Structures are given as C-alpha cells and as structure tokens.
Amino acid sequence: MGTVITVIALLFLLFVVFGAYATVKVIGAAKRGVDRTISQARRTVEDTTLRAKTFAQPGPQGELAQLRLTLRTSMRATQDALHAGVAEDESLKESLSLFERLSAHGHELDAELKRLEAEPDRDTLATRLPGLRERTRRITQSADSLRWAARDRAHRFAGDDLDTLSAQIDVEAGALRHWTKEPGPATSWPDAPGTDTAGSGGRTRPTDPQPRPEDRSRRSAITPPGQRPAYPWQKKPRPESTT
C-alpha cells in the first residue's frame with residue numbers, strides 16, 4: 001500500500017513539474033510574440049515619423065530624417081534577406097557575421113543622426129552633413145551589396161536546379177514517347193537444329209531419327225542374350241536323366 005501511494009505521489013509531482021515547464025514555455029513564447037509586435041509597431045511609427053519630417057522640415061533636419069530613413073530601410077532589408085537565406089544556405093553564415101559588424105556601425109550612425117535632429121544650430125548641422133552623408137552612403141552600399149549578393153546566389157541555385165529538373169523531364173518525356181522512334185532492323189529467328197546452312201541451294205539434309213524407347217525395348221527382347229560368364233562357386237547343372 002505504501003508503494004502505491006509513493007508511485008502516485010511521484011506521478012503527481014511529475015505532472016506538476018511538466019505543467020509548470022509548459023506554462024513557462026507558453027508564457028515565454030507569448031512574451032516574445034508581444035515584444036516582437038511592439039518592436040514592429042515602434043519601427044513603423046518611427047519610420048512614419050521620419051517620412052513626415054522629410055516633407056515637413058526642409059533643411060538640415062529634414063535631410064537628417066531622410067538619412068535615417070534610408071539607413072534603417074537598407075539595414076532592415078539586408079537583415080531579413082540574410083536571416084531568411086541562412087536557413088537554406090549555410091555559406092551565408094559568414095555574410096551574416098559581416099553584416100552584424102556592419103550593423104554595429106549602422107546603429108552608431110543612427111543614434112548620432114537621432115541626436116542631431118534636436119540640434120538647434122543649423123550652421124553646425126550644415127558643416128557636419130557631408131560627413132554624415134558619406135558614412136550613410138558607405139554603410140548602405142555595403143548592406144545593399146550583401147543583400148543583392150545573397151539574392152543572386154539564391155537565384156543562381158534556383159536556376160541550376162530548374163535546368164537539372166528540365167533535363168530530367170525531357171529524358172522522361174522521351175522515354176514515355178518510345179513508340180515514336182524509328183523501327184529498327186527486323187530480327188531473324190535462329191536456324192532450326194539439324195539444318196545444313198553450308199549446303200548448296202539452301203536444301204537441308206535429313207538426319208537419322210532417334211530411336212524411340214519402345215523400339216529399343218523391342219530390339220532387346222528379340223535379340224537373344226549373350227552367354228553369361230560362369231563363376232567357380234556356382235553349381236554345375238545336373239544332366240537330365242533319360243529313361
């Protein structure tokens with residue numbers, strides 16, 4: 001009885017632990033989903049605000065907003081392309097590591113542009129804008145180069161696979177249409193056994209028929225048997241008595 005109670009208690013404890021683990025996993029997944037949704041919403045709001053600033057604030061502030069929008073759009077597109085491609089192509093891991101290093105420079109530039117948006121001195125902004133433009137151009141150009149290289153690689157692999165598949169389909173289609181091929185030369189049957197192919201005129205020479213089993217038995221019955229050999233241990237035949 002005590003053993004049964006112990007087993008039941010252990011099973012109950014296992015169920016409690018498993019339920020707690022499942023609850024934590026579900027809560028974590030839900031929290032990650034909420035965080036992802038909040039981040040996407042925040043990015044959408046920021047991008048919308050930057051687009052509005054490019055039209056509403058002409059001058060250095062509007063150009064800063066345009067630089068931020070260009071930088072964020074390029075970096076986000078490259079990040080999505082590399083993360084989507086690395087799941088199918090392991091060679092993109094090196095490109096992803098390079099992008100992470102480039103992303104550090106992009107975050108630094110984005111933070112600097114964001115701080116300069118609140119700068120009231122337009123003359124200072126005007127003097128710093130050429131350098132900011134050059135940095136933005138270099139970072140976005142590198143990000144675009146990685147993104148298009150990854151896309152070209154994926155398209156190349158897809159094209160090679162399509163070429164191979166098309167060749168296999170052509171071979172299979174040709175095999176299915178085998179009846180449309182030209183008929184080959186007619187095959188002749190082998191010569192019957194006992195025919196003389198070397199004879200003149202194509203005539204055949206008759207061969208002796210093989211004796212049948214009943215003929216052999218009849219011949220053995222008609223032909224008298226030969227004299228049997230005599231052995232020393234056999235008794236000599238007794239002469240018949242005459243009356």
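A: A nonpolar core is a set of buried Ala, Val, Leu, Ile, Met, Phe, Trp, Tyr and Cys residues joined through side-chain atoms within 4.5 Å. The model discussed here is a predicted one.

Q: How many residues has the largest nonpolar core, and which have the most contacts inside it?
A: The largest nonpolar core has 20 residues. Leu64, Met75, Leu109, Leu113, Leu132 and Ile139 are those with the most contacts inside it.

Q: Which elements give two or more residues to this core?
A: They are α2 (60-86), α3 and α4.

Q: What is Leu64 in contact with, leaving aside neighbours within four places in sequence?
A: Leu64 contacts Leu113, Leu116, Glu117, Leu125, Leu129 and Leu132.

Q: And Leu109, buried or exposed?
A: Leu109, which is in helix α3, has 0% relative accessibility and therefore counts as buried. Not counting residues up to four places away in sequence, Leu109 touches Leu71, Leu132, Arg135, Thr136 and Ile139.

Q: How many residues apart in sequence are Leu109 and Arg135?
A: They are 26 residues apart in sequence, and their C-alpha atoms are 7.8 Å apart in space.

Q: Turning to the helices, at what angle do the axes of α3 and α4 cross?
A: The axes of α3 (residues 92-116) and α4 (residues 122-176) come within 10 Å and cross at roughly 155 degrees. The cut-off for roughly antiparallel is over 145 degrees, so α3 is roughly antiparallel to α4. The crossing is left-handed.

Q: Which residues make that contact?
A: Among them are Phe99, Leu102 and Leu109 of α3 and Leu132, Ile139 and Leu146 of α4. The residues of this contact comprise 12 nonpolar, five polar and five charged.

How values were computed: Residues numbered from 1 in each chain as written. Predicted model: local features only at pLDDT ≥ 70, side-chain atom pairs only at ≥ 80, totals over all residues. Heavy atoms only, no water. Axes fitted to C-alpha atoms, helices over the stretch in contact; angles between N-to-C directions. Helix = DSSP H or I, 4+ residues; strand = E, 2+ residues; numbered from the N terminus. Parallel < 35°, antiparallel > 145°, perpendicular 65-115°, else oblique. Left-handed = near helix turned anticlockwise from the far one by under 90°. Contact = heavy atoms within 4.5 Å. Nonpolar A, V, L, I, M, F, W, Y, C, P; charged D, E, K, R; others polar. Buried < 20%, exposed > 50% of the residue type's maximum accessible area, 1.4 Å probe, protein only.
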